[in-house]
Amino acid sequence: ATSKTGLKAPVGFDDAGKVEILLDDSSPHALVGGPSGSGKTNLLLAWIGALTTRYSPDELELYLLDFKEGVSFAQFAPGRRDTTWLPHAQLIGINVNDDREFGLALLQYLSDEMRRRAAAAKEREVTKLEDLRDADPKGRWPRVVAVIDEFQYLFAETDPLSRAALTLLEDIARRGRSQGIHLVLASQDVSGIAAFWGRPAIFEQFVLRIALPRARRVLDDQRNEATLDLPRWHAVINHESGLRHGNRIARMPNASTRGLFDKVQGEMLERWGAGTPPRLFDGSRSPRVDYLLNGIGPEQRRAPVGQTIDLYASPAIVELSDAPGRNLAVLGAGADSAERVLATAAAGMIKGYAPDTVDVVLAALVEESEGPVAGLQKWLAREGHEARVEVIRLRETKEAIEKLAKRTRERLAAGERGRTVVVLFGADAADSVLDRSGTEALRALVHFGPETGLHVLGWWRSVSRLKALLTMGAVVDDIGAWVALDVQGAELLTLLPGSLLSWSPRAGRALFFDRAQHALPHVIVVSGESPDVSESNVAESGETP
Ligand SMILES: Nc1ncnc2c1ncn2[C@@H]1O[C@H](COP(=O)(O)OP(=O)(O)OP(=O)(O)O)[C@@H](O)[C@H]1O
Ligand SMILES: [Mg+2]
């Protein structure tokens, strides 16, 4: 069928036959409500099934996000056992509950797509998707349906992210209708979303209301009478903003049976061609080190620190060019994740140099870093970096740093450039051995190093220790990029004066800021593994619980 004027799909039954749900210019967005276990997710699955068997992927694109821990949408992505996928699905996000940033990224994407469509329409002197399809018959202009299950999580906090999400949501809700961009939001408790009720204009756009038994405030029904009487596995489907005369009661089929979609998907892929499988974001998974290091080519100076929470799961990269301030700090008290982030960043940075064309100093300044440093050294050796890699311990630090500082000053005076990467594991521990001259030398390294081709990548266990280093000859800007793990937002303010930070540490996540590319810090997913040559490391990790 064509989706030119809208999307029509039968999802349930009543005595008269099939009950259809309609998404079009007059009922552009849907709100699905009902308490836990009432069948919201099942209804979404039935709806998705009905839509995708009717419309081809050129008529309909799906973006499916599930904020709850669960796997309901996971079946639409290729998996280990069932390798089929839903050809309409562009993006699937599962286990997103703690990664509200991903929800924001989806809304941003939809808003951008809406703008792109509006511009294409304007170019052809039309305003709506329907007319754009007439004016551009060869173009591909599918309707887009974004389904967000348990969307209340997106607004779980009163913070800048909620405000940004609300602004985007309002924009999409208002103007998506004419661009064929439809939102389907499901939630246990629509009434609990205070932010929403503050903006009735958003709610008005959700003309389609679907209420499951005992749903509250989804329909225009103060006493929720229509849903209190509703039998199990039934839904009120209302295309009239919830007004009573629009109520239609439908019995819902069971679409939650395991494996139900596997067969259908196999058939769809045959009918419509495979194309590319949907992108999958799984909040319970962390990126592989191989993935982060991949694609770093010769003569690139790229330190990967994790994975960006966006629709493309791109590596988060710090470019360490030979310009002032291009050093990297990893911050956090917990050794394991900090060491993994630092080792991966260092590996990526050094990978950009041809074998043995860079001096590498690996400093294990705390005992627990000896293993990771040895692992990194092995990894570098396999990449051909051996002769010019030096491993130092705490007692050798002062001498090594002073030597590097001396060379840096000479290079600076002579206008020469070298190639040096200094990796400090437990950098703050050096305080006890550096004395005044050693500390001054370290300050000189971070301050003058980058423009002479020397970069410092370090892990500091405390922000205040790093901050103490960045005085008297060094400045805050000398650490142009940082990644904070188990550090509270308030502490980071010293590195980012004048900014509001609402950050509390989260497992497997870090706050990342690079002065050269960001106005504000971003949350990233950090890897659960380290660059290592032992097979066991590669085989076992990649997934964190
Ligand atoms: N129409 C139906 N027919 C038979 N069983 C159903 C039907 N709808 C739902 N179920 C069963 O009820 C269970 C709960 O439904 P579902 O997960 O859709 O509820 P929910 O409203 O999404 O709950 P939650 O808020 O906990 O996510 C499902 O696992 C499914 O087995
Ligand atoms: Mg559910």
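Start with Val330: its bridge partner in S19 is Val483. Strands here are DSSP runs of at least two residues (E), helices runs of at least four (H or I), numbered from the N terminus. A quick note before moving on: this is a predicted model, where local features need pLDDT of at least 70, side-chain atom pairs count only at pLDDT 80 or more, and totals for chains, interfaces and linings use all residues. Residues are numbered from 1 along each chain as its sequence is written, chains are lettered from A and ligands numbered from 1 in the order written, and side-chain values use heavy atoms, leaving out hydrogens and water.

Now select S14 (residues 328-331), which runs parallel to S19 and is joined to it by four bridges; strands pair if DSSP finds at least two bridges between them. Next, pick S20 (residues 509-514), antiparallel to S19 over four bridges, with Asp514 opposite Ala481.

Stay on S19 (residues 481-484): Ala481 and Val483 on one side, Trp482 and Ala484 on the other, are all buried (under 20% relative accessible area; exposed is over 50%, partly exposed in between; 1.4 Å probe, protein chains only).

Jump to Phe67 and Tyr153. Their ring centres are 6.3 Å apart and their planes at 5 degrees, so they are stacked (Phe, Tyr and six-membered Trp rings pair with centres within 6.5 Å; planes under 30 degrees apart are stacked, over 60 edge-to-face, the rest tilted). Phe67 is buried at 0% relative accessibility, while Tyr153 is partly exposed at 29%.

Last stop: Phe73, Phe76 and Phe261, a cluster linked by ring pairs.
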